[in-house]
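Colleague: Before we go through this fold, could you take me from each term to the value behind it?

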Amino acid sequence: MHFFHSTHSFYETFMSRAVEIALRGRNRTAPNPSVGSVMVQDGHIVAEGYHRFCGGLHAERECIADARAKGVDMSKCTLFVTLEPCNHYGKTPPCTEGILQAGIRQVVIGTRDPNPKAAGGLEYLESKGVKVEQGILEEQCKDLISDFLCWQFTDRAYSILKLASTIDGKIAGTTGAQEAVSCPQSFADVQRLRSMVGAVIVGGNTLREDNPSLSCRLDVLPEEFKQPKAVVVTGHLPENHEDYILTSTRAADTIFWTSKEQETTEIAAQLKNKGIEIIALPRNEKGLILESGFKILRKKHGILRTLCEGGGKLACSLAEQDLVDEFVMYQTPRILGNTAGRPNFAGSDNQLISEAMNMRISRVEQSGRDLKIVFKPEGQ
């Protein structure tokens with residue numbers, strides 16, 4: 001560990017660590033937010049904790065338990081936590097009381113809690129004489145709870161878009177043939193993404209060209225794990241449905257989002273007979289309006305997160321309809337160089353850069369030889 005003389009860099013360094021460990025619990029915390037916490041004494045991290053699963057100890061209490069087990073004098077420590085400590089009784093007692101009982105006299109908070117039931121922790125701690133500072137790495141800490149905000153303030157599933165592309169923005173070659181674009185480490189990371197969502201979404205072209213299974217293929221999965229639903233978005237239901245993995249071996253887990261006209265066809269009846277769900281979405285001149293599909297996934301199936309894996313037209317439709325809450329890009333250091341290659345986004349009428357859909361960078365990390373960049377919509 002290092003000692004930092006600058007208070008600002010000191011705070012940001014340790015809050016950054018709290019953000020990092022908060023992400024470890026993201027898989028199992030839903031519908032709770034992901035939260036991380038570190039205890040600092042004399043410029044050193046002496047304890048850590050994160051919210052591991054819904055119903056489990058909150059990050060602050062995990063961190064306090066870690067410090068207590070190590071014999072740390074918490075009255076001499078500063079507690080860093082990415083989200084304002086809760087001040088209400090839920091599945092666990094208020095974290096504010098745990099902080100006071102531990103004798104902690106200084107707390108640094110990343111962002112305030114947007115949940116009215118849980119808010120007020122900052123003021124309560126201050127009223128008890130605890131020194132509280134807030135707004136450290138606030139944007140990063142808000143990004144940690146962007147899915148939680150979606151669940152709190154909308155009635156749809158949280159939408160993650162994942163694409164793997166070359167430096168020149170191609171997700172496939174000119175024929176659309178299924179080829180690995182990214183490295184094995186990125187492939188494994190995508191499986192971890194699949195493990196935390198309730199549905200994986202693709203377009204009809206991806207179904208026809210790749211014949212995917214859309215299942216999570218991690219080597220180790222928890223006993224209670226359920227494979228994500230497979231959602232195919234298409235204006236034309238597949239006639240040769242015996243040829244596809246989804247419609248032949250994963251029928252009970254497969255959903256088609258399609259038009260009202262397609263819903264009444266003979267092919268739709270055949271798919272329904274297999275146990276496949278057909279959902280008719282409204283449409284406009286540009287295609288299917290997808291938001292209602294995300295609302296149905298949430299209301300009917302209790303799905304909180306979805307992962308869209310392309311292709312380019314579906315990715316563009318999601319972006320244009322403001323249905324990309326998080327965009328995970330695996331950029332591989334390869335160049336196709338052929339303009340006929342499949343682009344990561346396609347189908348927009350935009351002609352000028354000034355018309356572009358703007359994103360902001362949330363996180364960047366190495367993924368094997370690839371670069372993993374997590375984007376968020378600008379303004380969120």
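Modeller: Let me start with pairing: two strands pair if DSSP finds at least two bridges between them. The model is a predicted one, and in it isoleucine 109 stands opposite glutamine 134 in E5.

Colleague: What makes strand E4 and E5 a pair, and in which sense do they run?

Modeller: Pairing asks for at least two bridges, and E4 (residues 106–111) and E5 have 4 bridges in the parallel sense, so by that definition they count as paired.

Colleague: How do you know that E1 and E3 pair, and in which sense?

Modeller: Strand E1 (residues 36–41) and strand E3 (residues 78–83) are joined over 4 bridges in the antiparallel sense, and serine 37 has valine 81 in E3 as its bridge partner. The threshold is at least two bridges, so these strands pair as well.

Colleague: Why are E2 and E5 called edge strands?

Modeller: The open sheet has 5 strands in the order E2-E1-E3-E4-E5, with mixed pairing. Strand E2 (44–50) and strand E5 (131–134) each have a single partner strand, so one side of each lacks a neighbour in the sheet. From one strand to the next, the twist averages 20°.

Colleague: What makes the unit of E4, helix H5 and E5 right-handed?

Modeller: A crossover is right-handed if, with the strands pointing away from the viewer, the path from the first strand over the helix to the second runs clockwise. The β-α-β unit made by E4, helix H5 (residues 121–127) and E5 is assigned as right-handed.

Conventions:
Residues numbered from 1 in each chain as written. Predicted model: local features only at pLDDT ≥ 70, side-chain atom pairs only at ≥ 80, totals over all residues. Heavy atoms only, no water. Helix = DSSP H or I, 4+ residues; strand = E, 2+ residues; numbered from the N terminus. Axes fitted to C-alpha atoms, helices over the stretch in contact; angles between N-to-C directions.
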